[in-house]
Amino acid sequence: MPPRPVGSRPTLSLVAKTAGTSVPTVSKVLRGGTDVSAETRAKVMEAVRAVGYTRRAGSKSESVRDEGGLSNTLDLVVTHFEGSWANLLIAGVGREAAAAGLDVVLTLAEPHSDWVSRVLRRRTVGTIGTLIDPTSPQFSALSAAGVPVVLIDPMSTPPSGVASIGVANWDGGRMAAEHLLSLGHVRMGVVAGHARHLFSRARVDGFRAAADTATADSATVSVAYGGWNRAKAATATHTLLDSDPGITGIFACSDSMALGIYDALDARGLRIPEDVSVIGFDDLPEAQYITPGLTTVRQPSTELGAAAVKLLIELSRGEDGGTRSPARMELATELVVRASTGPAPAAEAPRR
């Protein structure tokens, strides 16, 4: 990569030189132009990330976006539309956007698709992204093009100055553990999502911290990974109980995985909550309808979408006073007690 003077801001010229192309071509890529080869587009995106080029939203210099009046649309970029959590989030975004006089364009960020070019071709207030890897070349291109971005509970740590909003995941894990501990459970299991996802790790860490603090290390917490998937969560539950048949309380890091725990316990002939208590995370509509009703940690999914829109509008208007975007905003979680948790059973012979 060509060197640049210490303290200088990366320029389009530096991006072009690094990518081995021209400034107009770089500008075209950052506008989502279609008359650029996939190979050149990939080189430009990699160069943008390598040199750290970012056009500050609202900047008048080095403009790479079309000029004109204010946009009346925002982009919501998601990795999937299926599932209650996505529906609740989309509802919150849609309602808040409508109240602000904005239309929402839903963009599906499928692996290996060039979704970012579609976003860049639209004149948009900005982009709300959920379950998008902030270290990806696509995300770098959005930042380089000066598109305001708000990430909802990013999977990994966003670049410095990128706004994100989420829920109090660590505190939610803590509440789950404290609830089980209050019912006398000391041998507990956790069915987590992906180990590399920040929000999964935070929920597990909060659960462990509460168990360690409250019981002076006398409680045991075993963790297995269910990948946010019902079937995989069922497999993870079998793994937990095969390794420690004495577990009496299980925390699922999502309600969808809690359904997998129900499946596994039913297959083993274990009752909820008489034999094993189960607590989830999300408070999706399914939590009320399954039998027994699922005790869970509520995250305000609809409110999360609405808050992301408000934050994005502030950023697009430069209401941060020209300073870097807020690093993180968090909404509170709360415990919702239903019938899936109860007192720990008395010690008995190991169950299988």
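In this predicted model, residues 321–325 keep a pLDDT under 50, pLDDT being the predictor's confidence in each residue, from 0 to 100, and the model has 7 contacts for them beyond four places in sequence, where contact means heavy atoms within 4.5 Å. The protein averages a pLDDT of 86, and 88% of the residues score at least 70. Residues 58–69 also have a pLDDT below 50, with 29 contacts beyond near neighbours in sequence. Where pLDDT is low, the predicted coordinates should not be read in detail.

Residues are numbered from 1 along each chain as its sequence is written. Because the model is predicted, local features need pLDDT of at least 70 and side-chain atom pairs count only at pLDDT 80 or more, while totals for chains, interfaces and linings use all residues, and side-chain values use heavy atoms, with hydrogens and water left out.

An open sheet is formed by 6 strands in the order 2-1-3-4-5-11, with parallel pairing; two strands pair if DSSP finds at least two bridges between them. Helices (H or I, at least four residues) and strands (E, at least two) are DSSP runs numbered from the N terminus. Strand 2 (103–108) and strand 11 (329–331) are the edge strands, each pairing on one side only, and the twist from one strand to the next averages 20°. Strand 1 (residues 73–78) pairs with strand 2 in the parallel sense over 6 bridges, and Val78 has Leu108 of strand 2 as its bridge partner.

Helix 12 lies across strands of this sheet, including strand 4 (149–152), to which helix 12 runs at about 160°; axes are lines fitted to C-alpha atoms, for helices over the stretch in contact, and angles run from 0 to 180 degrees between N-to-C directions.

The two cores below are nonpolar cores, that is, sets of buried Ala, Val, Leu, Ile, Met, Phe, Trp, Tyr and Cys residues joined through side-chain atoms within 4.5 Å; buried means under 20% relative accessible area, exposed over 50%, partly exposed in between (1.4 Å probe, protein chains only).

| Core | Size | Residues, among them |
|---|---|---|
| Largest nonpolar core | 63 residues | Leu74, Ile128 and Phe207 |
| Another core, apart from it | 31 residues | Val29, Val36, Ile132 and Leu142 |

In the largest core, Leu74, Ile128 and Phe207 touch the most other members. Not counting residues up to four places away in sequence, Phe207 touches residues including Gly173, Ala176, Ala177 and Leu180, and these residues are buried in helix 7.

Val48, found in helix 3 (residues 38–51), counts as buried at 2% relative accessibility. Val48 is in contact with residues including Val15, Leu30 and Ala144.
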